[in-house]
Structure formats: C-alpha cells, structure tokens
Amino acid sequence: MTAELYGRAVPDALRRMGSSAQALSVESFTRTDGPDAGSRRIRMVNGPLSVELLPDRGLDIGQVRAHGVPLAWISPTGFPAASVDDADGRGWLRAFGGGMLATCGLRNVGPASDDGGERHPMHGRYVSLPARVVRAEATAGEVVVEAVTRETAVFGDDIELRRRISMAVGEPVLRVRDALVNRCSRTVEPMVLYHLNLGWPLVDEGTRVTSPATAVVPRDAEAARGAGSWDVFPAPAEDYPEQVFSHVLPPRQPVEVAVAAPSGLTVRVRFDTAALPGLFQWRVAEQGHYVLGIEPTTTPTILGRADARERGLLRPLAPGEELALGVDIAVEGAAH
C-alpha cells in the first residue's frame with residue numbers, strides 16, 4: 001500500500017507544501033504549569049498522527065492522537081516527576097500518568113520485591129530516569145526521536161537503554177525500538193515490561209481484544225470473575241477492582257494483539273515473542289480509571305523480581321551484551 005498524507009501519495013503531498021513542517025515535525029517544549037511544570041516534552045507529527053514523548057521519563061510516550069482522536073488513557077496524576085523509592089513502595093502509582101507507553105524496569109516488574117537483600121520498587125525505577133535525547137528530526141522519509149537512558153549506581157548494575165521512536169512518513173504506525181546494553185563488568189539480569197495504556201473512545205463498552213494466546217489465565221479471584229469475558233470491555237461501573245490476565249503466547253514468533261472499538265477504531269500491538277515471551281492484560285472500568293493495558297514483557301510474571309528468580313525467568317545479559325526489544329503500534333479506522 002502506498003504511503004499517503006491526507007489522501008495523496010507522499011511525494012505528491014510534499015510537492016504541494018511550502019515546507020514539510022505543514023504536516024511533518026518534531027517540536028520540543030517545556031511544561032510551565034501544573035504538577036509536571038519544568039518537565040520536557042517532544043511532539044512528533046506525521047500528518048494526522050500526533051505523538052507526545054516524555055524525555056524525563058526515559059522517553060516514554062504520553063498521548064497519541066490520530067485525526068485528533070485520543071488513543072491513550074491519561075491517569076488522574078498526569079506526569080509529575082516520579083519518586084519511586086518512598087517508604088511504602090507506592091511512589092510509582094502516585095506518578096503513574098498512564099500514556100501510550102510507561103516502561104517498567106529495568107530491574108523489576110510488578111510489586112516491590114526483595115531480591116538477594118536488595119529492595120526493588122514497584123515496577124522499577126525507569127519512569128524516574130531522565131533520557132538524553134541524541135536525535136530529533138523530521139525528514140521526507142520518517143519522523144524520528146532517539147535517546148539514551150541509563151539505570152546505574154556506584155558499585156551497582158549499569159544498564160543502558162537506547163530508544164528509537166519513529167514513524168514512516170504517511171504510515172499510521174508508531175515503532176518503538178530499544179537496545180538494552182549491559183555497561184557493567186559483570187552479568188546483569190534486566191526485566192522490562194511495556195505498559196501500553198489505551199483509553200476512551202478506543203476503549204468503550206463492547207471494545208474487543210483479539211489475542212494470539214493459546215490460553216488466558218486470571219491472576220487472582222478478581223480476574224477470575226471476568227475470565228469468561230476477558231476479550232470484551234465492560235460498561236463503566238461505580239466500583240470495578242482491577243483485573244489482570246496472563247496470556248500464554250506461542251514461542252519465538254511475531255504476534256499481534258488487536259483492540260477494536262465498536263466504531264471501527266482499532267489499535268494493533270505487534271511484537272516478537274522471541275524477545276518478549278510474556279503478555280499481560282490489565283483492565284479497570286470505573287470513573288477515572290476506564291483503561292485497558294496491553295503489556296508485553298521479557299519475563300512472564302507480574303509478581304516481582306523475587307518471583308521471577310524463583311521461577312527461573314530472569315535472562316542473564318553478559319558484560320557488553322545487547323538485547324533488542326520493541327513494539328509496533330498501528331492505528332486503523334480513525335476518522336476526523
């Protein structure tokens with residue numbers, strides 16, 4: 001299929017602009033008010049697809065809009081500076097802004113966990129780490145931002161994540177490519193989960209999830225109550241405790257999860273189970289928390305680092321070794 005901008009093939013569209021910035025751009029700015037005042041933002045524009053990046057959260061992704069339609073869920077907290085090491089271990093939740101991508105890791109996924117005498121906060125420290133942006137530009141072929149984020153401590157692990165977020169011009173696909181590099185002199189065992197958070201109007205009563213899973217397993221009793229309808233999103237309720245389902249995936253192959261609203265608006269999440277063998281689905285359906293999470297992960301447990309070690313799920317990364325990870329987020333059916 002030929003890539004198009006507003007109904008014209010890309011080369012033809014570019015000839016009709018005084019500057020490609022009419023439809024393609026990368027814009028950097030700083031928030032000046034509210035709980036996230038002082039934080040950096042980068043906006044990528046690829047025709048009707050607009051993406052907000054969060055450099056002070058490891059280049060995670062905030063809102064994504066297609067033809068002006070918001071696709072991501074934004075939490076009541078917004079995106080303030082995250083402090084994940086507070087005494088009760090709940091700092092991650094106090095600054096969990098949602099957004100299209102909140103990266104969990106790089107050393108813990110799930111609840112706070114004690115592993116080998118070291119305390120790891122809930123979902124790790126990544127969202128509190130600022131990225132160093134090394135490239136941000138819009139060309140005739142792609143809109144792209146690249147950054148480097150590092151989780152390290154003196155005498156501790158040293159893990160670098162090199163992130164590339166791009167969109168081919170005229171294609172409604174957002175590509176996230178990460179290279180996880182061990183900069184330490186000893187083997188490390190990273191954990192990464194891509195917490196993709198989808199919201200209204202994509203997520204609505206009757207929105208359907210199509211999964212490549214060979215089995216879907218509820219995490220606990222609350223999830224078991226919804227096990228018979230895990231693939232259909234419910235109407236809002238006054239009280240809807242969160243439900244988490246584990247999707248058992250076919251090994252070592254490209255897969256796709258589709259989230260399709262009754263309106264026809266659809267988001268497809270694509271990844272390779274060779275690098276991301278686990279998948280969790282998170283849903284809540286109450287006021288302020290009407291959200292569907294699609295969560296590919298390197299370690300198919302959501303119970304923390306100690307559980308991953310006990311089950312033999314931690315993947316060693318030798319000094320200097322690199323692990324390639326990534327997801328594609330494709331949008332279909334968005335209308336003006």
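**Note on the pockets, sheet and aromatic residues**

1. The lining of the largest pocket consists of 12 nonpolar, 7 polar and 5 charged residues. Here Ala, Val, Leu, Ile, Met, Phe, Trp, Tyr, Cys and Pro count as nonpolar, Asp, Glu, Lys and Arg as charged, and the others, Gly among them, as polar. The model is a predicted one, in which local features need pLDDT of at least 70 and side-chain atom pairs pLDDT 80 or more, while totals for chains, interfaces and linings use all residues. Residues are numbered from 1 along each chain as its sequence is written, and side-chain values use heavy atoms, without hydrogens and water.

2. The volume of the largest pocket is about 530 Å³. A pocket is, on a 1 Å grid over the protein atoms alone, an open set of points where a 1.4 Å probe fits, with protein on both sides within 12 Å along at least five of seven lines; lining residues have an atom within 4 Å of a point. Of the 24 lining residues, L93, M122, H123, E242 and W282 are the closest to the centre of the largest pocket. Two or more lining residues come from each of α2 (91-94), β21 (278-286) and β22.

3. The second largest pocket has a volume of about 430 Å³. Its lining comprises 19 residues, of which E4, P48, G170, E171 and P172 are the closest to the centre. At least two lining residues are supplied by each of β1 (4-5) and β23 (322-332).

4. An open sheet of 6 strands, paired in the antiparallel sense, runs in the order β8-β15-β22-β21-β18-β17. Strands are DSSP runs of E with at least two residues, and helices runs of H or I with at least four; two strands pair if DSSP finds at least two bridges between them. β8 (102-106) and β17 (215-218) are the edge strands, each with a single partner, so one side of each has no neighbour in the sheet.

5. Which residues form one aromatic cluster? They are W73, W92, F96 and W282. Aromatic rings pair if their centres lie within 6.5 Å; planes under 30 degrees apart count as stacked, over 60 as edge-to-face and the rest as tilted. The rings of W92 and F96 are stacked, because their centres are 4.4 Å apart and their planes at 25°. F96 and W282 form a tilted pair, with 6.1 Å centre to centre and 50° between the planes. F96 lies in the loop between α2 and β8 and W282 in strand β21, so this pair ties together parts 186 residues apart in sequence.

Key. Points joined across faces, edges and corners; volume = space filled by probe spheres on them. Phe/Tyr/Trp six-rings, centres within 6.5 Å; stacked < 30°, edge-to-face > 60°.
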